[in-house]
Amino acid sequence: MPTTSLKTSPQCHEKKRIYDLLFRVTAFILLTVQPGAVLCSAREISQEGGISQEKHEEIWSPAPYDAKRAIRNDSRPADRKMPVHILPPLAQEERGLIRNVTPEKGEKVLALTFDLCELDTSTTGCDMDLLGYLHREGCAATLFMGGKWMRSHEKRVKQIMRTPLFEIGNHAWSHGNAALLTKKGLQAQILWTQAEYERLREDLQHSAKVSGETLPPSPAVPHLFRLPYGRCTVEALQIIADLGLRTVQWDIPAEGRPVRSQQEAARAAKALLSRIKPGSILLLHANRVPTGTALLVKELVPLLRKSGYRFCTVGELLEMGKANISWDGYFDRPKDNHGLDRRFGVDGTGRKKPFLGEE
Ligand SMILES: [Zn+2]
């Protein structure tokens with residue numbers, strides 16, 4: 001009986017060669033790829049410790065989509081207009097706007113705050129040169145985000161939510177001017193933003209659960225509000241307080257003239273140092289609209305540290321002493337921002353028709 005069992009056919013030989021190749025490739029991958037490296041792509045933007053130093057540096061550096069107007073404008077209303085989590089109204093002593101805090105023990109502490117404003121009519125950027133610097137320096141800050149800005153910059157918002165160093169505050173949906181909006185319009189500007197934060201946080205929590213990532217604790221919704229243009233009325237401040245948010249102004253508008261060089265930044269930082277006091281709240285921007293903010297901050301932070309200051313979030317600052325309350329919003333002196341009422345559409349949003357919150 002003829003047999004071919006000990007002989008291999010050409011097809012069989014080819015099969016063996018392919019299996020052998022597959023085995024070698026698999027062995028190579030298993031032996032050379034570090035455990036956890038495969039997870040990096042799923043956790044591209046991750047909490048400290050979860051990724052390599054190199055990757056870490058990369059995600060805190062500017063990317064093309066961080067440029068001003070790099071993202072196509074989307075003026076549609078928010079998908080979720082009412083947050084699930086509603087804050088209780090504020091007590092009487094918490095109402096009004098906070099200009100700064102007097103630290104109980106006189107500590108040299110201050111809060112850097114950065115607004116991320118975006119009108120209905122265009123998109124702004126995300127200054128990763130600045131945020132990357134703060135992150136590398138371990139410099140705490142409070143970031144007041146517009147709800148529409150959060151939607152345009154979802155990836156960056158989630159990255160910031162993973163970072164305990166930064167606190168997130170509410171900066172209205174599309175930069176509506178609280179002195180010009182109707183009650184319903186102002187409520188919608190605030191609540192749509194609370195809901196957008198909540199939506200992104202839920203999304204992040206869901207993906208963290210799937211990948212096994214541990215997220216730092218974060219509030220269900222922001223507790224702090226920053227007035228667009230610093231504009232308000234007493235009635236508007238009461239509406240904001242009824243929604244449970246504390247209004248945070250500033251005592252130092254830190255961006256004066258545009259800063260174009262390191263020398264100009266050093267001069268501006270020195271001038272600011274003479275005005276800053278313990279408990280100060282500084283107004284700055286991280287949306288790449290004012291120019292030179294990153295240059296200024298890189299000069300200011302070492303100067304303040306050398307003078308003995310340390311940085312904290314507004315939330316932390318409020319726990320350290322008495323908030324100095326006012327019922328009038330302005331930059332340096334009363335009414336210095338009233339001229340802005342007519343420059344950005346009918347109500348600060350850039351729109352020709354008023355924002356009524358019924359869209
Ligand atoms: Zn703003």
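In helix α6, which spans residues 154-161, the buried residues are Arg-156, Val-157, Gln-159, Ile-160 and Met-161. Keep in mind that this is a predicted model. So what covers those buried residues of α6? The cover includes α3, β3, α5, β4 and α7, and here is where to look for each of these elements:

| Element covering α6 | Residues |
|---|---|
| α3 | residues 53-59 |
| β3 | residues 141-145 |
| α5 | residues 147-152 |
| β4 | residues 166-170 |

Now for the core. The largest nonpolar core has 83 residues, and Leu-143 and Leu-282 touch the most other members. You've met Ile-160 already, as one of the buried residues of α6.

Helix α7 also meets helix α8, which runs over residues 234-242: their axes come within 10 Å and cross at roughly 45°. That angle is why α7 counts as oblique to α8. As for handedness, the crossing of these two helices is right-handed. On the α7 side, the contact is made by Lys-183, Leu-186, Gln-187 and Ile-190, while α8 brings in Ala-236, Ile-239 and Ile-240. Sort the residues of this contact between α7 and α8 by type and you get 5 nonpolar, 1 polar and 1 charged.

Methods: Residues are numbered from 1 along each chain as its sequence is written. This is a predicted model: local features need pLDDT of at least 70, side-chain atom pairs count only at pLDDT 80 or more; totals for chains, interfaces and linings use all residues. A nonpolar core is a set of buried Ala, Val, Leu, Ile, Met, Phe, Trp, Tyr and Cys residues joined through C-beta atoms within 7 Å. A residue is buried if 20 or more other C-beta atoms lie within 10 Å of its own, exposed if 12 or fewer, and partly exposed in between; C-beta atoms are placed from the backbone. Axes are lines fitted to C-alpha atoms, for helices over the stretch in contact, and angles run from 0 to 180 degrees between N-to-C directions. Helices (H or I, at least four residues) and strands (E, at least two) are DSSP runs, numbered from the N terminus. Angles under 35 degrees count as roughly parallel, over 145 as roughly antiparallel, 65 to 115 as roughly perpendicular and the rest as oblique. A crossing is left-handed if the near helix is turned anticlockwise from the far one by less than a right angle, and right-handed if clockwise. Two residues are in contact if their C-beta atoms, placed from the backbone, lie within 7 Å. Ala, Val, Leu, Ile, Met, Phe, Trp, Tyr, Cys and Pro count as nonpolar, Asp, Glu, Lys and Arg as charged, and the others, Gly among them, as polar.
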